Amino acid sequence: MAIIIDEKTKVLVQNITGNQGAFHTGQMIAFGSRVVAGTAPGKGGQEVHGVPVYETVEEAVEKHGANASIVFVPAPFAKDAAFEAIDAGIKVLVMIPEHIPVQDAMEIMAFAREKEVTVIGPNTFGLISPGKCKMGIMPNHIYKPGPIGVVARSGTLSYEIAFTLTNAGYGQSTVVGMGGDRVIGTNFVDALRRFEADPDTRAVVMVGEIGGSAEEEAAEYIKGMSKPVVAFLAGKSAPPGKRMGHAGAIIERGRGTFDSKVKALTAAGASVAALPWEVADLVKERLG
């Protein structure tokens, strides 16, 4: 099985005619995703990689039953795109853009909660259920189907760790990119809860980083999990007060430090890797 998306997911691409939207649509199709439609205002009637383009999300949902959307709309217009998708009945929304204004992101999450929509991101690489569906910008070749769930704040680190897992013989059930912005839709606890309930996920890998309290909150949930958790945390050498790439990756007033996160996760029973390539060995150790 997988969480959030699977082989039945009908994917819509918002801004499918843009450079990124068009390129990644081709990659998602090549991976086996069911990309049923795209939208681009003023370009309805066109096709991209054989996918029909519509003026509105509502039309795409009505004609093709799209139930999940990936947004490649630039940040200043991302709120409108998200609201349009949610209002049209989309139930999974993957927000690729970064630098979405915080107030816009807060309003997106509030509307999504009201309509019971799962939001991934913003500022995310997306999510992927190997062998079933991909909604994101990650490279296709590094993932294989298997029993390891992965949830990550960092895109490139998650790619490295997923590839290490694959090479060690551990495929993935689903890999979730939480997103690196301060306001996001799906956090560690949300993903851990889904993985805990998934019968085909045997262990979970968390890829965290400095800043915020998401990892400490996850540690509280991990205490009650039946499945082993392995974590890697980025930012060990980051200086306080300086943002490291992601808007959420900043240590403020002593909160969100590397050491505090390692301490909380270790106390909760998670195994914490010192280096990314140690994750696969720790997974093997925990699974016996």
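Alanine 152 touches Phe125, Ser158, Val176, Gly177, Met178, Gly179 and Val207, leaving out residues up to four places away in sequence; contact here means heavy atoms within 4.5 Å. Alanine 152 belongs to strand E10, residues 145-152. Strands (E, at least two residues) and helices (H or I, at least four) are DSSP runs, numbered from the N terminus. Is alanine 152 buried or exposed? Alanine 152 is buried, because its relative accessible area is 0%. The terms are set as follows: buried is under 20% relative accessible area, exposed is over 50%, and partly exposed is in between, with a 1.4 Å probe and protein chains only. Alanine 152 and glutamate 278 are 126 residues apart along the chain, and their C-alpha atoms are separated by 16 Å.

Before I continue, a word on the basis of these values. This is a predicted model, in which local features need pLDDT of at least 70 and side-chain atom pairs count only at pLDDT 80 or more, while totals for chains, interfaces and linings use all residues. Residues are numbered from 1 along each chain as its sequence is written, and side-chain values use heavy atoms, with hydrogens and water left out.

I turn to the sheet that holds strand E10. In this open sheet, 7 strands follow the order E9-E8-E11-E10-E12-E13-E14, with mixed pairing. Strand E9 (133-136) and strand E14 (271-273) are at the edges with a single partner strand each, so one side of each has no neighbour in the sheet. From one strand to the next, the twist averages 20°. Two strands pair if DSSP finds at least two bridges between them. Strand E12 (residues 203-209) and strand E13 (residues 229-234) run parallel and are joined by 6 bridges. Which residue in E13 is the bridge partner of valine 207? That partner is phenylalanine 232.

Helix H5 (residues 155-167) touches E10, strand E11 (172-177), E12 and E13, and its direction makes about 150° with that of E12. Axes are lines fitted to C-alpha atoms, for helices over the stretch in contact, and angles run from 0 to 180 degrees between N-to-C directions. Helix H9 (residues 279-287) lies across E10, E12, E13 and E14, at about 160° to E13.

Next, a pair of helices. The axes of helix H7 (residues 214-222) and helix H8 (residues 258-267) cross at roughly 5° and come within 8 Å. H7 is therefore roughly parallel to H8; angles under 35 degrees count as roughly parallel, over 145 as roughly antiparallel, 65 to 115 as roughly perpendicular, and the rest as oblique. Ala214, Glu215, Glu216, Ala219 and Ile222 of H7 make the contact with Ser260, Lys261, Ala264 and Leu265 of H8.

Strands E5 (residues 68-71) and E6 (residues 92-95) run parallel, with 4 bridges between them. Serine 69 stands opposite leucine 93 in E6. Isoleucine 16 is found in the loop between strand E1 (10-14) and helix H1 (19-31). Isoleucine 16 counts as buried because its relative accessibility is 0%. Beyond its neighbours within four places in sequence, isoleucine 16 is in contact with residues including Gly21, Thr25, Val48 and Val53.
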